[in-house]
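Subject: Structure handover

Hello,

Here is the structure we talked about handing over. My notes on it follow below.

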Amino acid sequence: MKKLVAFPLEDGGQVVIEVEEPEPEGGKRTPVARSLTRPEQAPETLEKALQKVLPAIKAVAEKLHHLDLKPDEVEIAFGIKLNASLGAILATAGSEANFDITLHWYGKDRPVR
């Protein structure tokens with residue numbers, strides 16, 4: 001079920017985000033029109049919510065930084081879902097969280113195929 005959630009910002013503003021929430025137990029639903037017009041207030045700032053996923057991102061970046069064959073460029077793509085009660089969580093594909101990682105070598109250290 002989609003609904004609007006207002007995340008406060010540390011600078012005093014706020015951002016309203018449409019989030020997908022799991023159906024409540026018992027299947028009781030809120031009418032869509034009502035859930036999309038009055039945003040629910042998130043209990044923490046957007047910055048604090050995003051802070052929860054940083055350790056996972058940092059761990060991936062550190063592992064890539066310590067590769068023996070250093071790439072010239074590293075791309076890491078990942079998804080973040082925002083949830084009114086949980087804050088930020090890494091998005092999943094199926095039942096597993098995923099990162100798309102692309103490494104580029106342009107110079108003389110390019111790996112030989």
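In which helix do lysine 58 and glutamate 62 both lie, and how many residues apart are they? Both are in helix α3 (residues 54-65), four residues apart, about one turn of the helix. Helices here are DSSP runs of H or I with at least four residues, strands are runs of E with at least two, and both are numbered from the N terminus.

Before the rest, some notes on the source. This is a predicted model, in which local features need pLDDT of at least 70 and side-chain atom pairs count only at pLDDT 80 or more, while totals for chains, interfaces and linings use all residues. Residues are numbered from 1 along each chain as its sequence is written, and side-chain values use heavy atoms, with hydrogens and water left out.

Overall picture

The protein chain has three helices and nine strands, in the order β-β-α-β-α-α-β-β-β-β-β-β from the N terminus. Of its 113 residues, 23% count as buried (buried means under 20% relative accessible area, exposed over 50%, partly exposed in between, with a 1.4 Å probe and protein chains only). Among contacts (heavy atoms within 4.5 Å) with a separation of 6 or more, 62% are between residues 24 or more positions apart.

The three-stranded sheet

An open sheet of three strands has the order β2-β1-β3, with mixed pairing (two strands pair if DSSP finds at least two bridges between them). Strands β2 (14-20) and β3 stand at the edges with a single partner strand each, so one side of each has no neighbour in the sheet. Strand β1 (residues 2-8) and β3 run parallel and are joined by two bridges. Valine 5 stands opposite glutamate 40 in β3.

Proline 39 is partly exposed at 36% relative accessible area. Beyond its neighbours within four places in sequence, proline 39 is in contact with Leu4, Val5, Ala6 and Val16.

Salt bridges

There are three salt bridges, each being a side-chain nitrogen of Lys or Arg within 4 Å of a carboxyl oxygen of Asp or Glu.

- Lysine 3 and glutamate 40: the closest N and O atoms are 2.5 Å apart. This pair links distant parts of the chain, strand β1 and strand β3, 37 residues apart. Lysine 3 is buried at 16%, and glutamate 40 is partly exposed at 32%.
- Lysine 52 and glutamate 44: the closest N and O atoms are 3.0 Å apart. Glutamate 44 lies in the loop between β3 and α2 (46-51) and is buried at 14%, whereas lysine 52 is partly exposed at 44%. Apart from neighbours within four places in sequence, the contacts of glutamate 44 include Phe7, Pro8 and Leu86.
- Lysine 58 and glutamate 62: the closest N and O atoms are 3.9 Å apart. Lysine 58 is exposed at 53%, and glutamate 62 is partly exposed at 41%.

Surface

Leu50, Val74, Ile76, Phe78, Ile80 and Ile101 form a nonpolar patch with about 420 Å² of accessible area together. Such patches join nonpolar side chains (Val, Leu, Ile, Met, Phe, Trp, Tyr) within 5 Å, and like charges within 9 Å, from residues with over 30% relative accessible area and no salt bridge; the areas come from the Shrake-Rupley method with a 1.4 Å probe, and for residues only the protein chains shown count as cover. Strand β4 (residues 73-78) gives the most to the patch, with three residues. Isoleucine 76 is in strand β4 and is partly exposed at 31%.

Regards
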